[in-house]
Amino acid sequence: MPLTKLQFRPGVNRETTSYTNEGGWFDVDKVRFRFGMPEKIGGWEKFTPTSYLGTARAMHPWVGLDNSRLIGIGTSSKYYINQDSGLFNDITPIRSSNELNSSISVGVVGVSASTSVGEITKNDNIASLTGVSGAATVGSVLVSGSTNTVTNEILGLSAPALTGSVGEVTISGNLDASVSLTGVSATGEVRPVAVTSQNVTVFDDLTFSATNGSSIITITVNQAHGATKGSFVTLSGVDSLGGNITADVLNQEYEIASVPSSQIFTIVARLANTSIQDITVNGQLVPTPVVANSSDVGDGGLTSVAQYQLNAGLDSVVYGTGWGAGTWGRETWGSASSTSIETSTLRIWTHDNFGEDLLINVRNGGIYYWDKTGGFNTRAVSLDSLTGSTSAPTIAKQILVSDRDRHIIAFGCDTEANPGVQDPLAIRFSSQESLTDWASTATNTAGELRLGSGSEILAAVETRQQILVYTDESLYAMQFLGPPFTFGVNLVSENITTMSPLSAVAVEDNVFWMGLKEFYVYGGTVQRLPCSVRDFVFDDFNLSQREKVVAATNTAFSEVWWFYPSASSDNNDRYVVYNYEQQVWYYGALARSFWMDRGIFDNPIAAGPNNYLYTQESGFDDDGSAITAYIESSQMDLGDGEQFSFIRRMIPDLTFRGSTAGSPSANITVKTRNFPGGNYLQSTSSAITKSASVPVEQFTDQVHLRLRGRSFAMRIESTSSGVGWRLGSPRLDVRPDGRR
């Protein structure tokens with residue numbers, strides 16, 4: 001009898017039963033379709049040998065003026081820049097430091113005209129005045145605050161023409177207003193009285209304490225520090241505590257280990273001169289602790305400085321109120337969270353380059369700027385702190401640079417009329433080609449818009465001609481109009497859903513996104529994408545962590561990928577793919593929190609397990625280990641009616657092009673059953689079995705089988721390292737069995 005040629009439809013269909021989907025594919029993992037035929041996807045290897053801290057949910061590539069290739073990486077803990085596959089350079093902005101931004105004015109009365117004032121430092125309720133020249137002595141100073149009165153010495157006040165003593169010096173108030181120094185007297189010649197004023201800076205007080213036999217250092221601040229557990233602080237100017245806890249041990253960047261109260265936090269002392277990057281292993285900190293001894297009784301001295309980085313964000317969404325809601329350390333120990341924690345608390349960054357420099361934004365947080373000329377030892381700074389900045393937004397949901405007209409656009413930001421108060425539907429844009437000019441005037445192109453539909457902006461995606469702006473229930477198109485309006489918005493569609501802020505992606509002239517129970521495409525109008533695996537995806541979906549869904553493109557294979565958390569996982573562990581060229585769907589299991597398509601780099605780069613970046617579509621292995629990839633067909637009838645048929649042999653059509661294994665092979669399993677609801681059974685006691693799995697190598701010409709049944713299915717699977725395969729059109733030798 002002639003051989004039966006097997007031709008399967010491309011794509012996977014899980015919307016019908018396997019029996020109804022005769023001639024199609026029913027199950028798949030790590031297999032794609034190209035030219036209508038299934039093949040194993042490409043493998044991956046580490047992009048760099050080093051890892052980073054936190055889960056990466058944002059990556060942005062760009063090129064510097066020196067042709068260096070840069071990637072900005074926003075994680076739940078930090079923000080990094082990687083240059084030319086090198087180290088992860090930490091540019092996380094500083095949230096605050098114990099050096100306050102505000103200053104006070106000090107008036108000095110009764111000192112010679114040549115006297116100047118340096119700085120006032122407030123430590124442990126000791127006030128000292130330094131920097132006044134001369135050679136006289138000082139009596140005492142009375143510090144009167146709102147809650148206590150402490151008398152201490154004031155040091156360094158002198159005048160060369162005075163030979164007597166200095167009377168009492170009084171400082172009253174909370175050090176937030178003018179302070180007068182009075183009562184200077186002498187027995188000798190007194191020069192003319194002069195008043196000298198100078199802005200000085202007031203420092204918070206840091207007190208360090210250690211316990212003999214422990215590496216935990218407790219740091220007490222005289223006001224609320226605002227830090228949370230898992231965030232980072234850089235200490236400097238700290239003196240040795242007297243024993244093992246030396247100055248070099250303390251003056252480093254540390255992760256905050258605990259937050260017992262709003263004015264206390266702890267760190268774990270570690271080996272001196274070990275950077276955070278040095279001790280980052282597989283995405284975790286692995287320090288060498290330093291244990292205090294009985295000599296560590298100091299308090300860290302009077303010049304301690306603490307610079308607090310932006311607090312680490314949530315790595316998983318926590319809903320509701322009560323104990324456990326929000327980031328760890330948000331409130332004091334044992335207390336309930338005071339506010340309802342919504343999905344926006346998940347740490348998501350957006351970013352875009354402005355020339356060779358970088359703009360970054362923490363969702364529902366500040367906007368920051370990094371100047372490449374400053375190098376990787378400088379951190380990003382607040383946009384509104386730049387010289388000449390006027391009315392720059394201080395909080396936003398997303399930031400981007402319009403490539404066509406070079407405006408910086410902030411979405412869901414504070415308005416010009418109400419700075420510091422976020423309007424979730426407001427859109428503001430700077431004047432053209434300007435970082436700092438945000439005040440809308442008749443002579444610039446800065447401005448502001450507000451959307452009318454929805455309750456908040458979820459995402460903005462730039463295309464070639466316009467910017468699509470998603471709210472929680474509608475879609476707008478934002479277009480450059482030119483003077484005098486600069487930008488305009490049009491409502492494109494209402495009653496749509498968007499799964500997450502990162503679930504939409506632009507490719508060519510279309511934008512694809514995942515909704516709550518469906519998929520959409522916009523190419524001038526909004527259309528719902530027919531999906532043959534819709535129920536399979538959304539019936540096994542952890543909707544409580546939907547903010548983690550990320551869309552990506554793999555343009556080399558005409559694919560749009562969505563990574564999402566399955567029902568049994570809190571993190572992205574599965575993917576679904578739409579091939580827009582062949583208009584087919586397939587899916588699989590792969591843990592990726594973000595994916596960046598090729599462009600500046602030759603291959604896609606993705607954020608994967610153990611906090612490493614991986615170069616995708618490289619080889620056929622999982623960073624040197626074998627990948628299990630398979631595809632299985634729906635069942636197909638062997639004959640007509642109720643007749644049994646007999647499968648005698650198979651002519652495989654499997655190629656292993658590109659494989660690196662010496663003898664690449666894959667298993668082809670042909671299995672039969674008698675009824676659609678029956679099991680695929682295997683009998684080892686009978687010469688004629690229900691299933692046969694045979695290895696097929698590069699030059700396998702035919703495989704002899706002995707199978708009987710009314711229908712059959714085929715499965716191709718590889719589990720060996722260095723194996724890539726592509727299926728063609730295999731043939732089966734099928735003969736009537738004669739039985740019913």
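This is a predicted model: local features need pLDDT of at least 70, side-chain atom pairs count only at pLDDT 80 or more; totals for chains, interfaces and linings use all residues.
The structure holds 29 aromatic pairs. A pair of aromatic rings is described by the distance of the centres and the angle of the planes. One of the pairs is formed by Phe-512 and Tyr-578, whose ring centres lie 5.9 Å apart with 50° between the planes, and this pair is tilted. Phe-512 belongs to strand 43 (residues 510-514) and Tyr-578 to strand 48 (residues 574-579), so the contact ties together parts that are 66 residues apart in sequence. Phe-512 has a relative accessibility of 3% and therefore counts as buried, because the cut-off for a buried residue is under 20%. Tyr-578, with a relative accessible area of 8%, is buried as well.

The rings of Trp-561 and Trp-595 form a further pair; their centres are 5.1 Å apart and their planes stand at 20°, so this pair is stacked, because planes under 30 degrees apart fall in that class. Trp-561 is located in strand 47 (residues 559-564) and Trp-595 in strand 50 (residues 594-596), and the pair links these distant parts of the chain, 34 residues apart. Both tryptophans, Trp-561 and Trp-595, are buried.

Phe-512 and Tyr-578 also belong to one aromatic cluster, together with Phe-519, Phe-538, Phe-541, Trp-562, Tyr-564, Tyr-580 and Trp-585.

Charged side chains also meet aromatic rings. The charged end of Lys-46 sits over the ring of Tyr-612, at 4.7 Å from the ring centre. The ring of Tyr-614 has the charged end of Arg-592 over it, 5.1 Å from its centre.

Strand pairing was examined next. Strand 3 (residues 31-34) pairs with strand 4 (residues 37-40) in the antiparallel sense, over four bridges. Within this pairing, Arg-34 has Met-37 of strand 4 as its bridge partner. The hairpin made by strand 3 and strand 4 has two residues between the strands, and Phe-35 takes a positive phi near 55° there.

An open sheet is formed by four strands in the order 30-31-32-33, with antiparallel pairing. Strand 30 (349-354) and strand 33 (381-382) stand at the edges of the sheet; each has a single partner strand, so one side of each is left without a neighbour in the sheet. Strand 33 is joined by two bridges to strand 32 (residues 367-370), and the two run antiparallel. Ser-382 in strand 33 is the bridge partner of Tyr-368.

Key: Residues are numbered from 1 along each chain as its sequence is written. Side-chain values use heavy atoms; hydrogens and water are left out. Rings of Phe, Tyr and Trp (its six-membered ring) pair if their centres lie within 6.5 Å; planes under 30 degrees apart count as stacked, over 60 as edge-to-face and the rest as tilted. Buried means under 20% relative accessible area, exposed over 50%, partly exposed in between (1.4 Å probe, protein chains only). A charge sits over a ring if NZ of Lys or CZ of Arg is within 6 Å of the ring centre and within 35 degrees of the ring normal. Two strands pair if DSSP finds at least two bridges between them.
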